[in-house]
Amino acid sequence: MNLAYIPSPSTGVIDLGPIPLRGYAFCIIIGVFVAVWFGNKRWIARGGRAGTVADIAVWAVPFGLVGGRLYHVITDYQLYFSDGENWVDAFKIWQGGLGIWGAIAFGAVGAWIGCRRRGIPLPAWADALAPGIALAQACGRWGNWFNQELYGKATDVPWALKISEGPNRVAGTYHPTFLYESLWCIGVALLVIWADRRFKLGHGRAFALYVAAYCAGRAWIEYMRVDEAHHILGLRLNVWTALIMFVLAVTYIVISAKVRPGREEIVEPEASKTPEAKDGEAAEDTESPEAKQAEADTDAEADEDAPKTNGEAETAKG
């Protein structure tokens with residue numbers, strides 16, 4: 001009998017009057033806030049303007065949520081479209097089920113739209129967001145804890161997760177894969193921050209490093225999980241996805257470093273002007289036409305009163 005374990009919440013919903021506060025949604029919201037907040041700090045440090053990250057996130061986040069849900073529903077279609085299942089449940093996102101692969105892919109489309117509208121290079125924006133996205137995933141994984149889902153194999157280690165009896169689950173203690181992935185994502189964020197400072201990563205390489213590092217951890221964590229999943233050649237589908245994405249990310253880092261070394265000097269053209277220059281331009285623009293005319297008249301009078309040179313005096317005498 002396992003005397004030490006991580007307890008699971010008895011419910012994933014707290015009712016605030018008529019409003020249900022769902023733990024899964026709460027974790028996602030916290031993750032988005034962390035990503036935008038930290039991404040904004042990194043964007044400003046790179047020479048961008050405050051608020052730009054949030055403006056583009058308005059496009060990226062909705063696209064990411066839709067993409068994450070689509071990936072989950074498509075890859076686990078049997079949960080919604082097989083005999084005895086209700087397809088309406090595919091829209092109940094609060095019950096869990098967001099695929100990070102779809103979220104990143106569709107989120108990138110939304111970010112591309114936002115960046116294009118602002119005249120900003122998408123790779124530079126992605127580099128600024130990379131560690132924040134990893135931290136957001138670290139927060140979001142705790143939503144699985146609230147829902148008692150996506151746990152690993154049965155175990156009696158002291159940090160085992162206790163799961164209660166419920167739909168599609170058997171009571172017992174299991175590996176807390178949500179915790180493993182959350183801690184791994186924190187490590188990925190720290191790795192990207194360190195590497196970015198050490199090697200001045202640019203042109204999307206910080207983001208590619210995040211993808212590669214996350215996939216390396218996701219592969220072994222996914223291998224531990226016992227929830228239903230499609231298998232290809234004996235491996236879970238998400239393991240194959242992680243391996244493929246890892247190879248693509250590493251390949252991009254190598255090729256990009258040769259083709260476009262260094263980091264972008266200007267990430268946001270509108271922010272390249274210094275505050276002093278902007279203040280000077282504002283002061284010049286606010287000068288009234290009357291003031292400008294008075295200044296011109298004063299200069300003309302000064303020219304007339306100024307002593308004439310010898311050449312000018314002789315010309316006047318002649």
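Trainee: How many cavities of 30 Å³ or more does the count come to?
Mentor: The count comes to one cavity of 30 Å³ or more (on a 1 Å grid over the protein atoms alone, a cavity is a set of points where a 1.4 Å probe fits but cannot get out, while a pocket is an open set with protein on both sides within 12 Å along at least five of seven lines; lining residues have an atom within 4 Å of a point). Keep in mind that this is a predicted model, where local features need pLDDT of at least 70 and side-chain atom pairs count only at pLDDT 80 or more, though totals for chains, interfaces and linings use all residues. Residues are numbered from 1 along each chain as its sequence is written, and side-chain values use heavy atoms, with hydrogens and water left out.

Trainee: What volume does the largest cavity have?
Mentor: About 40 Å³, counted as the space filled by probe spheres set on grid points that are joined across faces, edges and corners.

Trainee: And which residues line the largest cavity?
Mentor: Arg141, Asn144, Leu150, Thr177, Phe178, Glu181, Ile221 and Arg225 form the lining of the largest cavity. Helix H7 gives the largest share, three residues (helices are DSSP runs of H or I with at least four residues, strands runs of E with at least two, numbered from the N terminus). By class, that lining holds three nonpolar, two polar and three charged residues (Ala, Val, Leu, Ile, Met, Phe, Trp, Tyr, Cys and Pro are nonpolar, Asp, Glu, Lys and Arg charged, the others, Gly among them, polar).

Trainee: How about the second largest pocket, what lines that one?
Mentor: Phe38, Arg42, Ala45, Arg46, Ile193, Asp196, Arg197, Lys200 and Arg263 do. Helix H1 (23-45) and helix H7 (177-199) each supply at least two of the lining residues. The pocket has a volume of about 180 Å³.

Trainee: Since H7 came up again, how do H5 and H7 cross?
Mentor: The axes of H5 and H7 cross at roughly 170 degrees and come within 8 Å (axes are lines fitted to C-alpha atoms, for helices over the stretch in contact, with angles from 0 to 180 degrees between N-to-C directions). That is why H5 counts as roughly antiparallel to H7 (over 145 degrees; under 35 is roughly parallel, 65 to 115 roughly perpendicular, the rest oblique). Gln137 lies in helix H5 (residues 122-140), and its C-alpha is 6.9 Å from that of Ser182, 45 residues apart in sequence.

Trainee: Is Gln137 buried or exposed?
Mentor: Gln137 counts as buried, at 10% relative accessibility (buried is under 20%, exposed over 50%, partly exposed in between, with a 1.4 Å probe and protein chains only).

Trainee: What about H2 and H4, at what angle do they pack?
Mentor: Helix H2 (residues 52-75) and helix H4 (residues 100-118) pack at about 150 degrees, with their axes 6 Å apart. H2 and H4 are therefore roughly antiparallel too. Their contact is made of 13 nonpolar, eight polar and three charged residues.

Trainee: New topic: what is phi of His203?
Mentor: Phi of His203 is near 55 degrees, a positive value in a residue other than glycine. His203 sits in the loop between H7 and helix H8 (205-224), and is buried, with a relative accessible area of 10%.

Trainee: And where is Leu233?
Mentor: In the loop between strand S5 (231-232) and strand S6 (235-236). Phi of Leu233 is near 55 degrees, and Leu233 is exposed, at 77% relative accessibility.
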